[in-house]
Amino acid sequence: MVLCPECDTDLDIEEDEVDEGEIVSCPECGSDFEVVTANPVELKPVEDEDEDDDDEEEADGDYS
C-alpha cells in the first residue's frame with residue numbers, strides 16, 4: 001500500500017506495476033509524484049514547470 005505524501009490517500013500502486021521515473025497522480029488531492037524507486041515504491045513531488053516559466057518571464061522584464 002502506497003500513501004499519498006500530501007493527503008495520505010491510498011494510491012493503489014503495486015510495486016510490479018510502476019517503473020522508476022513514472023509520474024503518478026493522487027485521485028483525491030490531484031498532486032503529481034514521480035516514482036523514485038519501484039521496490040519499495042518511493043515518491044517525490046513533481047516540480048511545477050509552469051512556475052519556472054513565470055519566474056523567467058518576470059526576470060526578462062519590459063525594456064520599452
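Colleague: Where is the place of E20?

Modeller: E20 is located in the segment before strand 1. Helices (DSSP runs of H or I, at least four residues) and strands (runs of E, at least two) are numbered from the N terminus. Before we continue, please note that this is a predicted model, in which local features need pLDDT of at least 70, side-chain atom pairs count only at pLDDT 80 or more, and totals for chains, interfaces and linings use all residues. Residues are numbered from 1 along each chain as its sequence is written, and side-chain values use heavy atoms, with hydrogens and water left out.

Colleague: Is E20 buried or exposed?

Modeller: Buried means under 20% relative accessible area, exposed over 50%, and partly exposed in between (1.4 Å probe, protein chains only). E20 has a relative accessible area of 58%, and is therefore exposed. In space, its C-alpha is 8.8 Å from that of V41, although E20 and V41 are 21 residues apart in sequence. For the protein chain, buried residues make up 20% of the 64 residues.

Colleague: Which elements does the protein chain contain, and in what order do they run?

Modeller: The secondary structure comes to one helix and three strands. From the N terminus on, the order is β-β-β-α.

Colleague: How should I read the pairing of strand 1 and strand 2?

Modeller: Two strands pair if DSSP finds at least two bridges between them. Strand 1 (23-25) and strand 2 (residues 32-38) pair in the antiparallel sense over three bridges. Within this pairing, I23 stands opposite E34 in strand 2. The two strands form a hairpin with six residues between them, and G30 in the turn has a positive phi of about 85 degrees.

Colleague: Over how many bridges do strand 2 and strand 3 pair?

Modeller: Strand 2 and strand 3 (residues 41-45) pair over five bridges, in the antiparallel sense. A38 stands opposite V41 in strand 3. This hairpin has two residues between its strands. P40 is found in the loop between strand 2 and strand 3, and the peptide bond from N39 to P40 is cis, with omega near 0 degrees.

Colleague: How is a salt bridge read, and which residue does K44 pair with?

Modeller: Side chains of opposite charge can pair when their charged atoms come close. A salt bridge is defined here as a side-chain nitrogen of Lys or Arg within 4 Å of a carboxyl oxygen of Asp or Glu. The structure holds one salt bridge. K44 forms a salt bridge with E34, and the closest N and O atoms are 3.9 Å apart. This pair links distant parts of the chain, with K44 in strand 3 and E34 in strand 2, 10 residues apart. K44 is partly exposed at 41% relative accessible area, and E34 is partly exposed at 26%.

Colleague: Which residues gather in a patch of negative charge on the surface?

Modeller: Patches are made of residues with over 30% relative accessible area and no salt bridge; like charges are joined within 9 Å, and nonpolar side chains (Val, Leu, Ile, Met, Phe, Trp, Tyr) within 5 Å. The negative patch on the surface gathers D10, D12, E14, E15, D16 and E17. E42 is found in strand 3 and is partly exposed, with a relative accessible area of 43%.

Colleague: Where does M1 lie?

Modeller: M1 lies in the segment before strand 1. M1 counts as exposed, at 79% relative accessibility. M1 and I13 are 12 residues apart in sequence and 6.8 Å apart in space, C-alpha to C-alpha.

Key: Accessible areas come from the Shrake-Rupley method with a 1.4 Å probe; for residues, only the protein chains shown count as cover. Lys and Arg count as positive and Asp and Glu as negative; His and the chain ends are not counted. The place of a charge is taken as NZ of Lys, CZ of Arg, CG of Asp or CD of Glu.
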